[in-house]
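Please look over the structure below before reading on.

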Amino acid sequence: MALPQTPDSNPIDYIDEEDFIALEIPLEASGERLDKVLAGSLPDYSRNRLKAWVEAGAVMVDGKVTKARYLLRGGESVKVFPQEMPEQFAFSPEDIVLDIVYEDDSIIVINKPPGLVVHPAAGNWTGTLLNGLLFHYPELKSLPRAGIVHRLDKDTSGLMVVARTSHAQTALVRQLQERTVGRRYLSWVWGDTPSQGKVLASVGRDQRDRLRMAAGSPQGKPAATLFRRLAKGFFGESVVSLLECRLETGRTHQIRVHLESLGFPILGDPVYRKKTPGIAKSLPFERQALHAFALSLQHPLSNELMTWFRLPPKDLMELMPLINIDADALPKEDALLASIQNERHQ
């Protein structure tokens, strides 16, 4: 068994025992921080992970728990007790309640509540839609991403489709690529918007803030969002508009980025807030007011055009009277179906 090397190429005794890893710190490591030496000795684990283990008491130096910044003198005996990594549970089934709108042997349509992460990632390795899908539909473990073909942001509610077979997944991905999947959203924004419009601006990672996306990014991908105003209201003296948005593309944070770029940030959006009025702080709503209310696609097996419609969840319905917009302004299912049919025949 090859011995791992320290940063200065001196070997460390690496003994993989049943429930811990034993290290003998060389004298040459005197004066080095514990977390740094561990990172050089155990390259299979990130420095952040090793540091977390030290702080959790899962690393012992000469039989004692210490701190990650502990300065070694050289010659210590170290035991590392590897902790289960959260990634190990990323694709584990979890009994999560799902609002199933439609299902057959090919597809599942879900009405996602706000607060539910779609796919496991750093910071959200468990409790996701994917974990719930694997519990209710165990066969999805054989499909990439458990059949998920598109996403909604954690705090965006509404309709999503999931594939149940590889054929369906391929067909749905193709429809998304060809922009034939109809996705309509309701968005409540600050400002007096035009009656209708279209935003054509690339969307890509913000070069100054990697947690944000940016409109007009040179490295971004083409993106198009159509919108029409359904109603106008007020919160205090600030104008609020209710929009129906239709995606022609599906970039990360697309609607949020595009509307902010026009000067109409979404109510409650914690990230895209430029031109948000000061009175927003007193509005009791703490997520982006965005709901995917309609979804249409061709069924992967029958090629039948199918459409689903869901009104906003309780928190958005309770928002309406606060901003003086009547619920009658929300789209009606019959009118929606007619509109989608017209689009298909154009």
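Which two side chains meet in a salt bridge with 3.9 Å from N to O? They are those of lysine 314 and glutamate 318. The model is predicted, so local features need a pLDDT of at least 70 and side-chain atom pairs count only at pLDDT 80 or more, while totals for chains, interfaces and linings use all residues. Residues are numbered from 1 along each chain as its sequence is written, and side-chain values use heavy atoms, with hydrogens and water left out.

**Salt bridges**

- Side chains of opposite charge can pair when their charged atoms come close.
- A search of the whole structure finds 19 salt bridges (a side-chain nitrogen of Lys or Arg within 4 Å of a carboxyl oxygen of Asp or Glu).
- Lysine 314 and glutamate 318 are 4 residues apart in helix H6 (residues 314–322), so about one helical turn separates them; helices (H or I, at least four residues) and strands (E, at least two) are DSSP runs, numbered from the N terminus.
- Lysine 314 is exposed, with a relative accessible area of 64%, and glutamate 318 is partly exposed at 46%; buried means under 20% relative accessible area, exposed over 50% and partly exposed in between (1.4 Å probe, protein chains only).
- Arginine 164 and glutamate 139 form a salt bridge of 2.7 Å, N to O.
- Arginine 164 sits in the loop between S8 and H4 and glutamate 139 in the loop between H3 and S8, so this pair ties together parts 25 residues apart in sequence.
- Glutamate 139 has a relative accessible area of 35% and is partly exposed.
- Aspartate 206 pairs with arginine 208 in a salt bridge, with the closest N and O atoms 4.0 Å apart.
- Aspartate 206 is buried at 9% relative accessibility, whereas arginine 208 is exposed at 77%.
- A network of salt bridges links Asp206, Arg208, Arg212 and Glu260.

**Aromatic pairs**

- The structure holds 4 aromatic pairs (rings of Phe, Tyr and Trp, the last by its six-membered ring, with centres within 6.5 Å; planes under 30 degrees apart count as stacked, over 60 as edge-to-face and the rest as tilted).
- In one of them, the ring centres of tyrosine 102 and tryptophan 308 are 5.6 Å apart and the planes stand at 45°, so the pair is tilted.
- This pair links distant parts of the chain, with tyrosine 102 in strand S6 (residues 100–103) and tryptophan 308 in strand S16 (residues 305–309), 206 residues apart.
- Tyrosine 102 is partly exposed at 25% relative accessibility, while tryptophan 308 is buried at 8%.
- Tryptophan 190 and phenylalanine 235 have ring centres 6.4 Å apart and planes at 65°, so they are edge-to-face.
- Tryptophan 190 is in strand S9 (residues 182–190) and phenylalanine 235 in strand S13 (residues 224–235), so the pair ties together parts 45 residues apart in sequence.
- Both tryptophan 190 and phenylalanine 235 are buried.

- Strand S7 (107–112) and S8 are among what covers the buried residues of H3.
- Glutamine 175 has its place in helix H4 (residues 166–177) and is buried at 8% relative accessibility.
- Not counting residues up to four places away in sequence, glutamine 175 touches Thr180, Val181, Leu297 and Gln298 (contact means heavy atoms within 4.5 Å).
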